[in-house]
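The exercises below are each followed by a worked solution. Please look over the sequence and the model before starting.

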Amino acid sequence: MVFEFIGRKMTIKSVRGKKRPTASRTQTSRKGTQLETVKIGDDILGPLGTIQIRQPTGTYGLTPASRIGMTAVTSHRQHLFGVGLDWGCGTGCMALTAAKIPTVRKMIGLDIEPANIEAATGNAISNGLFDRATFFHADSYIPFAKSERSELADYTGRIDFIVANPPATNEGDGFGWRREVLRGGAAYLKPRGRVLLNISIQYAASRIEGLCDDVPGYEYHGLVASTDWVPFDMSRADLGKQVVEYADEEGRGGADYYFCDPTSAEEKTINARQALKIYRATGLSPLSKWQNYLFIRL
Ligand SMILES: C[S@@+](CC[C@H](N)C(=O)[O-])C[C@H]1O[C@@H](n2cnc3c(N)ncnc32)[C@H](O)[C@@H]1O
């Protein structure tokens, strides 16, 4: 599957080359909130069918990274069963994809934003998955409500898999939440439990494979899903800020990040400082790949 950017609008192209624009519908509620509904079709969910994600203003809207997360869950479905967690569930897209797998009994999504939890719960209901997907307002693996803290604690050592599309951290190398997903998840996972973790390629192999050194207790099992090289759209405020932070990290002596040069016809690797320089001179965003990787608990 390939994600294509046409201007600032994204369309999805299937491997057969047929364009299938993401279906989206915007409504305004009586309170004036914009309610956008995005239909995720079989180009991403394959035999799992379709889901509809409603993303009111103020919730975490679907991005290319969300889509690669859903693609990874779909393509890895033969290995997913039992009970799973979705760390940083947003409006629930990865949890609900997993909940559609017949062998998955239950998904618990965790998110720090109450609006995301409300939207994810609504999406579970509207997709007929409320009996299999539940969402807890939580800071990382710690739900705020006592009853939900105790419900999650009951799953210590009993979770079959975790899915996560974490945000970048603002400090250090931006990779802190990925380490936290593995570190905190270790207590919940059964031996051989799986983690499907979104990590885009610009973090570079040294950080991605190095996760198992940073957080002992896991094996690295490589790539599950990837896009082709696509623009890492620096006009998006969060992504623009990230490249500046990556460049600062390189300046402090951190390992180089790994982008592809948007001005070169060849596949030419550049680091974050070079990416920033090119963007400031040409307005062209560096290229990256949205990806998802597998880690297995020892
Ligand atoms: C990149 S978004 C991914 C959302 C969704 N999984 C998706 O793929 O569309 C990261 C999510 O992590 C949540 N998040 C950030 N910090 C968190 C924390 N400390 N604990 C739980 N969730 C957190 C954010 O609110 C956001 O919804």
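**Exercise 1.** Against which helix and which strands do the buried residues of H9 pack?

*Solution.* This is a predicted model, in which local features need pLDDT of at least 70, side-chain atom pairs count only at pLDDT 80 or more, and totals for chains, interfaces and linings use all residues. Residues are numbered from 1 along each chain as its sequence is written.

Begin with the buried residues of helix H9 (residues 272–282), which are Ala272, Ala275, Leu276 and Ile278; a residue is buried if 20 or more other C-beta atoms lie within 10 Å of its own, exposed if 12 or fewer, and partly exposed in between, with C-beta atoms placed from the backbone. Helices (H or I, at least four residues) and strands (E, at least two) are DSSP runs, numbered from the N terminus.

Seen down the axis of H9, the buried residues fall within an arc of 165° (taken over the directions from the helix axis to the C-beta atoms), so they line one face of the helix. They pack against helix H8 (237–251), strand E15 (259–260) and strand E16 (269–270), where contact requires C-beta atoms, placed from the backbone, within 7 Å. On the other side of H9, Arg280 and Ala281 are exposed.

**Exercise 2.** Determine how strand E11 is joined to strand E7.

*Solution.* Six of the six residues of E11 (residues 159–164) are buried, so this strand is largely enclosed by the rest of the structure. Strand E7 (residues 82–87) runs parallel to E11 and is joined to it by four bridges, and leucine 85 stands opposite isoleucine 162 in E11; pairing requires at least two bridges found by DSSP.

How values were computed
Two residues are in contact if their C-beta atoms, placed from the backbone, lie within 7 Å.
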